[in-house]
Number of protein chains: 2
Amino acid sequence: MSTDDRAPRPGDAPFTERTPRVVAARRLTRRSGRDRAARFLAEGAQAVREALAWAAAGRGEVHELFVTAVAATRNPDLVRAAVDAGVRVSGVTDKAAAALSETVTPQGVVAVCSPVDVPPVEALAPGVRLVAVLHGVTDPGNAGTVVRVADAAGADAVVFAGDTVDPHNGKCVRASTGSVFHLPITRVRDAAEAFDGLRSAGLRLVAADGHAPEDLVTADLRGDLATPTAWVFGSEAHGLPDDVVASLDASLKVPIYGGAESLNLATAAAVCLYASARAQRA
Amino acid sequence: MSTDDRAPRPGDAPFTERTPRVVAARRLTRRSGRDRAARFLAEGAQAVREALAWAAAGRGEVHELFVTAVAATRNPDLVRAAVDAGVRVSGVTDKAAAALSETVTPQGVVAVCSPVDVPPVEALAPGVRLVAVLHGVTDPGNAGTVVRVADAAGADAVVFAGDTVDPHNGKCVRASTGSVFHLPITRVRDAAEAFDGLRSAGLRLVAADGHAPEDLVTADLRGDLATPTAWVFGSEAHGLPDDVVASLDASLKVPIYGGAESLNLATAAAVCLYASARAQRA
């Protein structure tokens, strides 16, 4: 089949929200649907662009691109790139696009992708120096923002451990602004198993804990942050459980110099990961 | 009048959403209403606690506390503190609390406060070393998170410059988790005037600009961040206008070591403000 057969032709009726392939894709907005189909949705021009690059690099697969007429006109490059890559491109109505959207203002362009997560042994390859671990993080926007921060700080991987949100959740994908496609993501349901894997990879496990007696500046001045490190972040509401903190190699807080009680998860992660990145690159 | 006169008595009918004082307070959920009345709403136990502490320190005034029966039972300390401070405490129905709420899940406790902002000359007192400036930041959640980060990093003040969101916006107050009550906040509509005031206070004006040729680690190693600094942050969508960047003393980017295009506003602010805080305290 020539790739052109996969592009919508003028005159083709766009898929509606009742077209079986749209109905099937809509199930991917729920975790159970994603788990069953082993596929997820990446919405918006930026996410779709990153997904196509990720697939082109042989790291995953884009199965289909749904696009409204307006979005196709706005993003001719994306449609062309998808067609050239042999991805099936299907025109959809605005209502169908809204059904596939998890945003208030549907973007009109949604890719059906294979999962981004890889086995732990692949994510934690020899030589990893900086890893972000999410433990019990249930807010998908926070999780996605940490993936973005980890990517920016040059982390080698992000581990979704324990009862952490699905990295393929639409809000997580969106908050990551494409970063879920950039660096290896792995999921380990059993947190103790995740920590074992991280230690086997030669990483020092450091809890980011607002109640820790020592702050990261003090540890950094002693040279501690220059070593290969996995930062472990807990939920915004409850932080890390005491037994998890006790099971790690160290715990450090971001120093609070003013009147705030704490930082939120993403801003704390930014300070921690950038402190390590800088120390490791000095 | 004894302070006990100001507490709701058992048997008092709670205010409804049609009670004039609730109707008047509801207008404070809109900027025009806040500007006209020179009052704003702080919702939730944490924000109310911080507001009462701020008023007790003589930095502002809490005019009234609206509380549902459930929230009063959950937060007896807050109600007691308000009564002791001579604040009028009014019982409200759940529906009235919802009318005063800007959240999906109303907290049931809302304080009517005088504005937190102070004149620039007061916020930028002699000896200020670290200031965060928001220029054209329109998302109230982002603005509030930067106030929280600035507070945590020990900044001396936050300047809301140009077309920046109202610091009294409910989402901004909530995202700040009480920090709007902790450090001086000032609003300067004319950004050039704000920059003049910051320079007069002896601060070096540094644009946080993802497109800057130099990154903050390089500048820090040269000792630049140890000097009194005002970090200027632009909108998440558009960053800072070129002419604003050109009018400042320097521009620096957060280094991006991985594949991410950028950081979001709050995480970038965290890295910038903490880099300065650390350099200044070294």
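Select Gly108(A) and show what surrounds it: Gly108(A) touches Phe66(A), Val67(A), Thr68(A), Ala71(A) and Ala97(A), leaving aside residues up to four places away in sequence (contact means heavy atoms within 4.5 Å). The model is predicted, so local features need pLDDT of at least 70 and side-chain atom pairs count only at pLDDT 80 or more, while totals for chains, interfaces and linings use all residues. Residues are numbered from 1 along each chain as its sequence is written, chains are lettered from A and ligands numbered from 1 in the order in which they are written, and side-chain values use heavy atoms, with hydrogens and water left out.

Stay on Gly108(A). It sits in the loop between helix H6 (94–100) and strand E4 (109–113) of chain A (helices, H or I of at least four residues, and strands, E of at least two, are DSSP runs numbered from the N terminus). With 7% relative accessibility, Gly108(A) counts as buried (under 20% relative accessible area; exposed is over 50%, partly exposed in between; 1.4 Å probe, protein chains only).

Next, select residues 265–281 of chain B, which form helix H13. At 1.5 Å a residue, its 17 residues should span 24 Å, and the end C-alpha atoms are 24 Å apart, which agrees (the expected span is 1.5 Å times one less than the number of residues). Of these 17 residues, 15 are buried, so H13(B) is largely enclosed by the rest of the structure. At its N-terminal end, Asn264(B) is the cap, with a side-chain oxygen 3.3 Å from the backbone nitrogen of Ala266(B).

Now show both chains. In the interface, 33 residues of chain B are in contact with 33 residues of chain A. The two chains bury about 2,500 Å² between them, 59% of it on carbon and sulfur atoms (buried area is the accessible area, 1.4 Å probe, that two parts lose on being put together, summed over both). Pick out Arg148(B), Tyr257(B) and Arg278(B), which supply 26% of the area that chain B buries against chain A, more than any other three residues.

Finally, select Glu236(A) with Arg148(B). They form a salt bridge whose closest N and O atoms are 3.8 Å apart (a side-chain nitrogen of Lys or Arg within 4 Å of a carboxyl oxygen of Asp or Glu). The count between the chains is four salt bridges. Colour helix H8 (140–152), helix H11 (216–221) and H13 of chain B: each supplies at least two residues of the side that touches chain A. H13(B) gives the most to that side, with eight residues.

How values were computed. Polar contact = N/O pair within 3.5 Å; in protein donor to acceptor, adjacent residues only side chain to side chain.
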